[in-house]
Amino acid sequence: NTREYADNINRASEILLGLINDILDLSKIEAGKLQIVEGDYSTANMLKAAISGIEMRAKRKDLEIKKDIDETLPAVLSGDEIRITQILNNLLSNAVKYTETGSVTLTAKGKRAENGFFLQLAVSDTGMGIEKEDIERLFDTFVRLDLKKNQNIEGTGLGLAISNRIITLMGGEIRVESEYEKGSTFSFWVNQKVFDEKPSV
């Protein structure tokens, strides 16, 4: 019917736009032209925006979205909110894609140090997990792992590679813990400045 055709066209457009944006980001990174633009942002609003991007897809699969947010996180941080949201969107989207039952959890906490404030974020799922020998290849460009099992899952294999490089540009690091067929946790930290000390919640 007409509605179904329209939905399919809309979804195809979203996939194509996502692919174009990924390739543009990758091109900028490889040319050394991707800039980290810092500004003040609401910690709570940033986390809320990241989750809102996957809520509908999670609901369609009956997945529970869990939040474990440290209530003492500063209300306002200074950093590149758009890029951090992009990374979280990618990790959350992947978690929903590769999880058929159970939940996806966003964890946010902070750690103060002499040279700044480390925002620590993690996305955990109860999905299919990653085999040990595949973990080191996760951040290569255009790599899709376990293709036979994941043949119906959309994506270019660029998201994690781009996220890893953006995190590195922000002076941070990403880590992966996974147990095959039981789930995965992607965690990363970035150094931010504290603009408003009062708690975010």
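Two strands pair if DSSP finds at least two bridges between them. In this predicted model, strand 4 and strand 5 meet that condition, with 10 bridges joining them in an antiparallel arrangement.

**Overall layout**

The chain contains six helices and seven strands. Read from the N terminus, the order of elements is α-β-α-α-β-β-α-β-β-α-α-β-β. Of the 201 residues, 39% count as buried. Among contacts in the chain with a separation of 6 or more, 74% are between residues 24 or more positions apart.

**Strand pairing**

Strand 4 and strand 5 form a hairpin, and two residues lie between them. Within this pair, Leu106 has Val123 in strand 5 as its bridge partner. Strand 4 is also joined to strand 2 (residues 64–69), by six bridges, and these two strands run parallel. Here Lys66 stands opposite Thr105 of strand 4. The table sets out the two pairings.

| Strands | Direction | Bridges | A bridge pair |
|---|---|---|---|
| strand 4 and strand 5 | antiparallel | 10 bridges | Leu106 and Val123 |

In a regular strand, side chains alternate between the two faces of the sheet.

In soluble globular proteins, nonpolar side chains tend to be buried together. The largest nonpolar core of this model has 40 residues, and Leu88, Leu119 and Phe188 have the most contacts inside it. Two or more residues each come from helix 2 (43–52), helix 4, strand 4 (103–113), strand 5 (116–125), helix 6, strand 6 (173–179) and strand 7 (183–199). Helix 4 gives the most, with seven residues.

Leu119 shows how such contacts reach along the chain. Leaving out residues up to four places away in sequence, Leu119 touches Tyr41, Met46, Leu73, Leu77, Ile84, Lys109, Phe188, Trp189, Val190 and Gln192.

**Helix 4 and helix 6**

Helix 4 (residues 81–97) and helix 6 (residues 159–169) have axes that come within 10 Å and cross at roughly 145 degrees. The crossing is left-handed. On the helix 4 side, the residues in contact are Arg83, Gln86, Ile87, Asn90, Leu91 and Asn94; they meet Gly159, Leu160, Ile162, Ser163, Ile166 and Ile167 of helix 6. Sorted by type, the residues of this contact are six nonpolar, five polar and one charged. An α-helix has 3.6 residues a turn, so residues three or four places apart point the same way.

The buried residues of helix 6 include Gly159, Leu160, Ala161, Ile162, Ser163, Ile166 and Ile167. After helix 6 comes Gly171, which has a positive phi, near 75 degrees.

**Two single residues**

Apart from neighbours within four places in sequence, Ser93 is in contact with Ile54 and Arg57.

Arg137 lies in the loop between helix 5 (132–135) and helix 6. Its relative accessible area is 37%, so Arg137 is partly exposed; that class lies between the 20% and 50% limits. Arg137 and Ala161 are 24 residues apart along the chain, and their C-alpha atoms are separated by 9.7 Å.

Note on methods:
Residues are numbered from 1 along each chain as its sequence is written. This is a predicted model: local features need pLDDT of at least 70, side-chain atom pairs count only at pLDDT 80 or more; totals for chains, interfaces and linings use all residues. Side-chain values use heavy atoms; hydrogens and water are left out. Axes are lines fitted to C-alpha atoms, for helices over the stretch in contact, and angles run from 0 to 180 degrees between N-to-C directions. Helices (H or I, at least four residues) and strands (E, at least two) are DSSP runs, numbered from the N terminus. A crossing is left-handed if the near helix is turned anticlockwise from the far one by less than a right angle, and right-handed if clockwise. Contact means heavy atoms within 4.5 Å. Ala, Val, Leu, Ile, Met, Phe, Trp, Tyr, Cys and Pro count as nonpolar, Asp, Glu, Lys and Arg as charged, and the others, Gly among them, as polar. A nonpolar core is a set of buried Ala, Val, Leu, Ile, Met, Phe, Trp, Tyr and Cys residues joined through side-chain atoms within 4.5 Å. Buried means under 20% relative accessible area, exposed over 50%, partly exposed in between (1.4 Å probe, protein chains only).
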